[in-house]
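Student: I would like to learn how features of a model are read, one after another. Could we go through this one together, with the criteria stated as we go?

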Amino acid sequence: MNRTLEHILPKVQKPARYTGGEYNAVVKDKQSVDVRYALCFPDTYEIGMSNLGCRILYGLMNEQDHIWCERCFAPWGDMEEEMRREGLLLYGLESGDPIADFDFIGFSLGYEMAYSNVLNMLDLAEVPLRSADRPDLTPLVVAGGTCCYNPEPLAPFIDFFSLGEGEEVTLEYIELYRQAKEEGWSKEEYLREVAKIPGIYVPSLYDVTYHEDGTVAAITPKDGAPATVTKRIVQDMDKSYFPVKTIIPSTEIVHDRVMLELFRGCIRGCRFCQAGYAYRPVRNRNPQLLAQYGKAACEDSGYQEMTLSSLSSTDYPCLMELCDDLLDYCAPRDIGLSLPSLRADTFSMSLMERLQRVRKGGLTFAPEAGTQRLRDAINKNLREEDLLQSVRTAFSGGWSGVKLYFMLGLPTETDEDVLGIADLARKVYFAWRECTPNRARGVRITVSTSWFVPKPHTAFQWEAQIPVEEYQRRVDLLRDAFKRDKSITYNWHDPQTSYLEAIFSRGDRRLADVLEWAWAHGAKMDSWSEYFDYQRWMDALAACGLSGDFYAHRVREKDEVFPWSVPSVGVSREFLWHERELCYQSQTTPDCRTRCSGCGANKLLTGGGRCG
Amino acid sequence: MADRLLFSKTGRARYISHLDLMRTFQRAFARAKIPIKHTEGFNPHPFVSIALPLSVGYSSQCEILEFTLLEGTGYEEVPERLTAAMPEGIVVHQCYPAQRKLKELAYLNYIMNFEYPEGRPQAAEPAMRELLGRDSLVVQKKSNKSKKGYTEVDLISLIRSWNLECQSDTMTLDAVLSAQNPGLNPELIRAAFCEAYPQFAPDFVTFHRREVLDGEGKPFR
């Protein structure tokens with residue numbers, strides 16, 4: 001171990017985050033590989049190590065003899081301070097070598113509030129922040145993840161973005177890089193060529209012009225770059241890489257358990273949900289294969305907990321069969337099985353019995369809106385009777401707490417809808433009184449609301465986020481409504497980060513300066529209240545002469561050129577507009593399994609298959 | 001009585017905390033497919049207990065873990081199988097049925113290495129000898145139990161024996177310290193030295209636990 005690191009570690013909190021050496025961490029001989037890849041997660045070790053995408057890419061790349069992929073996370077403030085004082089550059093956890101010397105520095109971008117950490121990590125690595133200031137072929141700074149469907153605020157910093165699922169395209173761009181290195185290409189030559197790989201978006205190959213009012217006038221591709229870059233998907237989930245052997249951290253992380261990914265995509269089509277559109281089409285994994293993976297992963301890891309993961313697990317067609325299969329394995333070994341992402345209308349007695357066989361976790365449902373009208377408008381398609389039936393089932397079965405998630409500020413929301421949240425929570429409370437076998441134990445009903453953030457590539461991408469004063473008024477309205485309900489706890493999300501998310505999620509390239517200004521003035525770890533400073537971001541916007549409200553609170557014209565016009569998730573803009581119109585008519589769209597609505601995502605299936 | 005493991009914890013594994021280390025062992029037993037006794041109750045989990053928690057950052061070649069091996073695994077096959085299931089830096093040396101009580105564990109032998117990369121001041125050695133040669137050396141030790149927030153301990157009474165050796169850029173203290181009721185963390189010796197002789201404060205100090213001893217100074221197993 002590096003001596004400087006050894007001297008620093010006793011001074012910092014939770015040093016095991018910074019050492020590497022965990023079970024299943026991959027150590028290779030650096031002389032025998034020709035591509036070194038730093039897989040960077042712009043948040044703490046505990047968060048990043050929990051990320052399924054990173055587990056997949058790490059395993060997938062390291063399966064290749066010629067690639068050595070190492071991990072890199074954002075150090076906490078105390079560690080950063082020591083690193084800067086001692087001149088220790090950001091290093092890969094496996095080798096301890098500075099990532100500046102690697103071939104690739106690849107970031108996983110899952111949420112906007114991590115952007116400042118991307119810049120901070122580049123700086124800690126002593127890698128110039130802007131692509132234009134990195135003339136050499138290496139290191140190439142790349143990024144993938146959900147944020148890349150509108151990566152514009154990061155465009156000047158990142159050499160290229162990988163859109164969609166990385167299983168195949170990652171190896172393709174690495175292969176092209178090997179050729180580039182062998183044949184001595186310049187960085188420009190490589191970027192021009194890599195832009196020809198489907199799913200790769202090279203932002204420097206597009207000129208963006210703006211109207212006087214600040215909206216985008218045109219995005220012009222150059223050097224043969226494609227006008228549209230469509231995301232990549234795995235065609236067959238049964239043939240795709242599954243990380244059976246994963247790194248088992250020696251210190252506790254957020255999701256410290258086996259993660260079994262049931263399927264990708266979601267059949268539901270909730271109009272606010274970016275994941276619901278961006279991960280289309282639905283592709284299931286075979287239940288026997290999943291059971292096999294799950295058992296193998298438990299054996300290899302020694303984990304005492306397994307979780308089934310997907311966007312909506314109760315929509316998995318073979319859920320009962322899979323649960324039974326897994327429970328036969330888990331129960332005698334005291335391995336807990338948890339099932340997040342349950343839809344409130346499908347929580348049945350048979351499922352409950354299965355979940356109770358091992359350990360009883362909490363129960364969380366997300367009705368998202370308080371009235372049937374608004375739930376229809378956002379296409380949540382959850383009926384009140386179904387939700388109440390589900391909680392009755394749960395309460396009869398002995399559950400004594402439920403969490404309910406809602407959003408405030410959804411398009412077409414009225415005060416009636418806001419107050420409907422309180423009504424619904426009360427009905428849940430009465431369902432408990434009616435069904436609980438043990439009233440003396442009491443009940444905990446937690447209602448949480450967040451401030452709706454319109455996201456790109458959704459039916460609501462044209463919408464304005466409601467003003468903060470209006471959000472606060474609706475929170476107060478709801479808080480008053482709950483005043484006398486002792487058994488209901490009401491939590492609401494702080495509006496400041498939601499406002500910034502609204503700015504950056506639909507932002508354009510001009511926000512890069514805001515980001516850099518904020519970073520230069522100390523922004524980092526913005527998803528942590530210890531570090532987040534709202535005023536700093538307001539100052540950054542002012543310093544760059546930009547208005548946050550322009551991005552967050554403005555309704556877009558139907559035909560406006562969006563900053564995210566080049567990246568495509570495979571869902572047509574016409575479909576999204578139609579969905580928006582249906583919202584204003586409170587009309588629902590059936591789920592993809594009931595009827596195909598022709599969003600366009602099935603065209604991503606090269607075999608011409610149908611989704612679901 | 002329970003079964004025991006003797007293991008070492010060095011290199012990158014030094015930074016695994018006590019609680020994390022217990023979790024690591026629980027998982028490693030499962031990975032190695034060595035069945036061990038679980039706790040009973042609402043949330044059953046594999047039972048393991050580590051004697052005398054080691055401070056984060058210290059290395060050791062003599063850690064003891066208690067657990068109960070279930071039928072089907074022989075003692076002799078445990079060290080190799082378990083080590084293969086461990087993160088880098090943890091090596092299991094022995095597995096055996098416990099024959100003595102843990103309270104018989106009286107002393108710990110620590111090696112403290114004072115590093116002076118720029119060269120060791122000549123006078124550091126006599127300074128350390130002077131310090132450890134005193135009749136008593138009372139220092140304050142943080143305590144959550146005491147109302148004052150600290151208690152006073154006399155280091156000298158808790159040091160059974162010591163030996164000092166010096167090289168050009170290091171000073172190595174080999175000391176046998178009281179292990180429990182109360183135990184002495186060698187960090188207090190470092191702190192006392194740096195307080196008494198700030199001019200000889202080393203650049204860095206490493207701590208290594210070399211042996212666990214019984215009341216007679218013989219290795220405890």
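Tutor: The turns below go from whole chains to domains and then to strands. Please keep in mind that this is a predicted model, in which local features need pLDDT of at least 70 and side-chain atom pairs count only at pLDDT 80 or more, while totals for chains, interfaces and linings use all residues. Residues are numbered from 1 along each chain as its sequence is written, and chains are lettered from A and ligands numbered from 1 in the order in which they are written.

Student: How many residues of chain A are in contact with chain B?

Tutor: Contact is defined by C-beta atoms, placed from the backbone, that lie within 7 Å. On that basis 21 residues of chain A are in contact with 23 residues of chain B, and the side of chain A that takes part has eight nonpolar, nine polar and four charged residues. In these classes Ala, Val, Leu, Ile, Met, Phe, Trp, Tyr, Cys and Pro count as nonpolar, Asp, Glu, Lys and Arg as charged, and the others, Gly among them, as polar.

Student: Where do the domains of chain B lie?

Tutor: Domain bounds come from an automatic or database domain assignment, which for chain B gives domain 1 (3-99) and domain 2 (104-214). Their centres, taken over C-alpha atoms, are separated by 28 Å. Between them, 10 residues of domain 1 of chain B are in contact with 11 residues of domain 2 of chain B, and the domain 1 side divides into six nonpolar, four polar and no charged residues.

Student: Which strands pair with β9 of chain B?

Tutor: Strands of a sheet pair through backbone hydrogen bonds, either parallel or antiparallel. Strands here are DSSP runs (E, at least two residues), numbered from the N terminus, and two strands pair if DSSP finds at least two bridges between them. Strand β5 (residues 105-115) of chain B pairs with β9 (residues 170-178) of chain B in the antiparallel sense over nine bridges, with Tyr110(B) opposite Ala175(B). Strand β8 (residues 159-166) of chain B is also antiparallel to β9(B), through seven bridges, and Ile159(B) stands opposite Leu177(B). A hairpin of three residues joins β8(B) to β9(B).

Student: Why do β2 and β6 of chain A each have one side without a neighbour in the sheet?

Tutor: The open sheet has six strands in the order β2-β1-β3-β4-β5-β6 (chain A), with mixed pairing. Because β2 (67-73) and β6 (200-201) of chain A stand at the edges, each has a single partner strand and one side left without a neighbour in the sheet. For β6(A), two bridges join this strand to the antiparallel β5 (residues 160-162) of chain A, where Phe161(A) stands opposite Tyr201(A).

Conventions: Two residues are in contact if their C-beta atoms, placed from the backbone, lie within 7 Å. Helices (H or I, at least four residues) and strands (E, at least two) are DSSP runs, numbered from the N terminus.
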